[in-house]
Amino acid sequence: MSSELPPLRPALNFDPELLLRAQAVRVVFFDVDGVLTDGGLYFTETGETTKRFHTLDGHGLKLLQRAGITPAVISGRDSAPLRSRLAALGVTHLRLGTEEKRAAAASVLAELGLDWSAAAAMGDDWPDLPMLRRAALACAPPTAHAEVLAVAHFVTQRLPGAGAVRELCDALLVAQGRYALELEAAAR
């Protein structure tokens, strides 16, 4: 009996139109509350904000970086738990504590020498609309506000803070021919 394992066949399928739109993406802008988290704000007795992050999403961000796609986080809030989690994931393009998300995203694009045609964005509420409307690929979790859902090219099945970000990361990896390679490498 051979000890060779058969190759894994990816189980994921995405809409071909989504995959075409995602092929040129080199940077992804993520909101935090309602995208990387479930949107709930948790406060300690001392008034400190805490957040809950999902490991699937974190691994997706790492996979993006390995594939040469830059994750960038743009949020109206800033907190120590958020900075700690992003540092642990190696996410260095941050614009925190800003309501001017379009300008913040434009500054990241300029740093990277890219334009909106190479950008995807994932958000859930009105402050994210300026990024979503300009990005080549606009994404939202299913719990996003109706106006965000109306402009999204892709709405995830997974909930925010529970794998929605990973679902987008997987779609980008599939679109750019990296998913099967990463899956096979992980399963060795």
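The lining of the largest pocket divides into 5 nonpolar, 4 polar and 4 charged residues. In those classes, Ala, Val, Leu, Ile, Met, Phe, Trp, Tyr, Cys and Pro count as nonpolar, Asp, Glu, Lys and Arg as charged, and the others, Gly among them, as polar.

Before I go on, some notes on the source. This is a predicted model, where local features need pLDDT of at least 70 and side-chain atom pairs count only at pLDDT 80 or more, while totals for chains, interfaces and linings use all residues. Residues are numbered from 1 along each chain as its sequence is written, and side-chain values use heavy atoms, with hydrogens and water left out.

Now, what is a pocket here? On a 1 Å grid over the protein atoms alone, a pocket is an open set of points where a 1.4 Å probe fits, with protein on both sides within 12 Å along at least five of seven lines; lining residues have an atom within 4 Å of a point. Points are joined across faces, edges and corners, and the volume is the space filled by probe spheres set on them.

The largest pocket has a volume of about 210 Å³. Its lining has 13 residues, and Leu12, Phe14, Arg158, Glu167 and Asp170 lie nearest the centre. Helix 8 gives the largest share of that lining, 3 residues. Strand 8 (154-155) and helix 8 each supply at least two. Helices (H or I, at least four residues) and strands (E, at least two) are DSSP runs, numbered from the N terminus.

Asp170 also forms a salt bridge with Arg166, with the closest N and O atoms 2.9 Å apart. A salt bridge is a side-chain nitrogen of Lys or Arg within 4 Å of a carboxyl oxygen of Asp or Glu. The two residues are 4 apart in helix 8 (residues 164-175), so about one helical turn separates them. Asp170 is buried at 8% relative accessible area, and Arg166 is buried at 17%. Buried means under 20%, exposed over 50%, and partly exposed in between, using a 1.4 Å probe and protein chains only.

The whole structure has 9 salt bridges. Which residue does Lys51 pair with? Its partner is Asp33, at 2.7 Å between the closest N and O atoms. Lys51 lies in the loop between strand 3 (49-50) and helix 3 (55-66), and Asp33 in helix 2 (residues 32-36), so the bridge ties together parts that are 18 residues apart in sequence.

Asp33 meets Arg77 in a salt bridge too, at 3.4 Å from N to O. That pair links distant parts of the chain, 44 residues apart, with Arg77 in the loop between strand 4 (70-75) and helix 4 (80-89). Is Arg77 buried or partly exposed? At 35% relative accessibility, Arg77 is partly exposed, whereas Asp33 is buried at 16%.

Both Asp33 and Arg77 are in the lining of the second largest pocket, which has a volume of about 180 Å³. By class, that lining has 1 nonpolar, 2 polar and 8 charged residues. Asp31, Lys101 and Asp128 are in the lining as well, and a network of salt bridges links these three.

Last, the cysteines. How many disulfides does the structure hold? There are 0, a disulfide being a pair of cysteine sulfur atoms within 2.5 Å. The sulfur of Cys169 is 9.8 Å from the closest cysteine sulfur, in Cys139, so the distance is too far for a bond. Cys139 is buried at 0% relative accessible area, and Cys169 is buried at 0%.
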